[in-house]
Amino acid sequence: MSSFETLRRPGNFVPLLLLLLLALVPFIAGATGQSFYIAFFARIIIYAIAATALNLALGFGGLVSLGHALFLGLGAYSVAIPAFHGIGNGWIHLAVCVVSCGLVGLLTGAVSLRTTGIGFIMITLAFAQMGYFVFVSLKQYGGDDGTPVAAPSEFFGVSLGQTLPLYWVALAVLCLVIWWGARLRASPFGMVLRGARQNARRVNAIGFRSTRYQLVAYVMSAILCGIAGMLLANLTAFASPATLSWIVSGDLIVMIVLGGLGTVFGPLLGALAFIGAEEVLKGFTEAWPAVFGFAIFLIALLRTAGLAGLLEKIGHRRRGRPDEVKVAAVGEHA
């Protein structure tokens with residue numbers, strides 16, 4: 001299949017079109033005088049980065065983590081705590097974020113990967129709750145109330161405390177992470193990782209230590225999630241222990257499942273759908289989580305691979321008759 005035909009597939013064309021539209025948001029917001037939309041879509045982009053990070057561990061590696069909010073919070077406090085002491089150098093914030101998330105990810109991942117299934121889920125949740133109570137106990141930095149970011153991250157003289165520069169930086173990071181994720185997914189490392197998700201014993205039997213690959217994926221996922229936390233702290237000019245809540249981890253998982261588990265563009269689609277639907281439904285009812293939960297239930301019931309899977313199905317039907325699609329599907333699962 002040629003590159004042009006690949007781009008024409010709805011599963012690729014629609015997400016790329018959405019990225020292009022996201023690049024136009026600042027211009028549209030400036031022309032209409034609606035600066036709110038820059039901050040709103042910046043939030044979507046940041047959560048898309050965090051969801052893409054979790055997708056590396058969950059979608060590619062099959063590691064169902066309910067503790068990734070820990071790294072999102074570490075990233076936020078990597079800005080807030082140095083800023084509290086008057087340090088606004090973005091490179092220092094980034095270094096603190098990468099080192100802290102990398103080390104914590106390595107330690108928690110090494111322990112968590114000693115278990116599987118529900119045990120892994122509960123241990124990652126426990127680590128996140130431990131982190132939550134650690135930051136609650138730091139009364140010097142606001143404790144349960146959180147702390148404002150007194151000095152936003154500054155790179156090359158550009159402050160991320162301003163919404164527009166932050167938006168462009170976040171969008172650039174998202175594009176890089178998506179491109180890198182696509183390359184990683186098709187690489188030998190990604191193939192081993194996806195193989196371990198399907199059957200770790202077989203991967204071990206052919207000479208690959210699946211646990212090592214999963215640990216590396218978990219650590220990389222933690223660092224990327226921390227970078228998203230850095231951007232979030234600069235956007236909101238605030239860091240709070242609530243960022244480390246297990247509910248935030250649950251939201252990230254829902255975004256991935258809604259967009260398409262293990263797909264390249266799924267986290268972006270899921271973040272747009274989740275936060276966009278939340279904003280729309282709030283205008284109609286306070287019980288929006290119940291309505292949204294019903295939509296998630298339907299997606300699970302229909303057994304579609306999220307929005308990305310739906311776009312792929314549309315692409316299959318455009319290229320061939322439904323009967324041909326069914327035959328192809330049976331062949332794939334044979």
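I began with phenylalanine 36. Its relative accessibility is 46%, so I noted it as partly exposed. I kept in mind that this is a predicted model.

Next I checked phenylalanine 40. It has 12% relative accessibility and so counts as buried. The cut-off for buried is under 20%. Both phenylalanine 36 and phenylalanine 40 sit in helix H3. They are four residues apart, about one turn of the helix.

Then I turned to ring pairs. My search of the whole structure gave 14 aromatic pairs. How are the rings of phenylalanine 36 and phenylalanine 40 arranged? Their centres are 5.9 Å apart and their planes meet at 25°, so I logged the pair as stacked. Planes under 30 degrees apart count as stacked. I also found that Phe36, Tyr37, Phe40 and Phe41 make up one aromatic cluster.

I looked up another pair, phenylalanine 208 and tyrosine 213. Their ring centres lie 6.0 Å apart with planes at 80°, so this pair is edge-to-face. Phenylalanine 208 is partly exposed at 33% relative accessibility. Tyrosine 213 is partly exposed at 22%.

How many of 30 Å³ or more does the structure hold? I found one. The largest cavity has a volume of about 70 Å³. Helix H3 (36–60) and helix H7 (163–186) each give two or more residues to its lining. H3 gives the most, with four residues. Among the lining residues I listed Thr52, Phe60, Trp180 and Val264. By type, the lining has six nonpolar residues, four polar and no charged.

Methods:
Residues are numbered from 1 along each chain as its sequence is written. This is a predicted model: local features need pLDDT of at least 70, side-chain atom pairs count only at pLDDT 80 or more; totals for chains, interfaces and linings use all residues. Side-chain values use heavy atoms; hydrogens and water are left out. On a 1 Å grid over the protein atoms alone, a cavity is a set of points where a 1.4 Å probe fits but cannot get out, and a pocket is an open set with protein on both sides within 12 Å along at least five of seven lines; lining residues have an atom within 4 Å of a point. Grid points are joined across faces, edges and corners, and a volume is the space filled by probe spheres set on the points. Ala, Val, Leu, Ile, Met, Phe, Trp, Tyr, Cys and Pro count as nonpolar, Asp, Glu, Lys and Arg as charged, and the others, Gly among them, as polar. Rings of Phe, Tyr and Trp (its six-membered ring) pair if their centres lie within 6.5 Å; planes under 30 degrees apart count as stacked, over 60 as edge-to-face and the rest as tilted. Buried means under 20% relative accessible area, exposed over 50%, partly exposed in between (1.4 Å probe, protein chains only).
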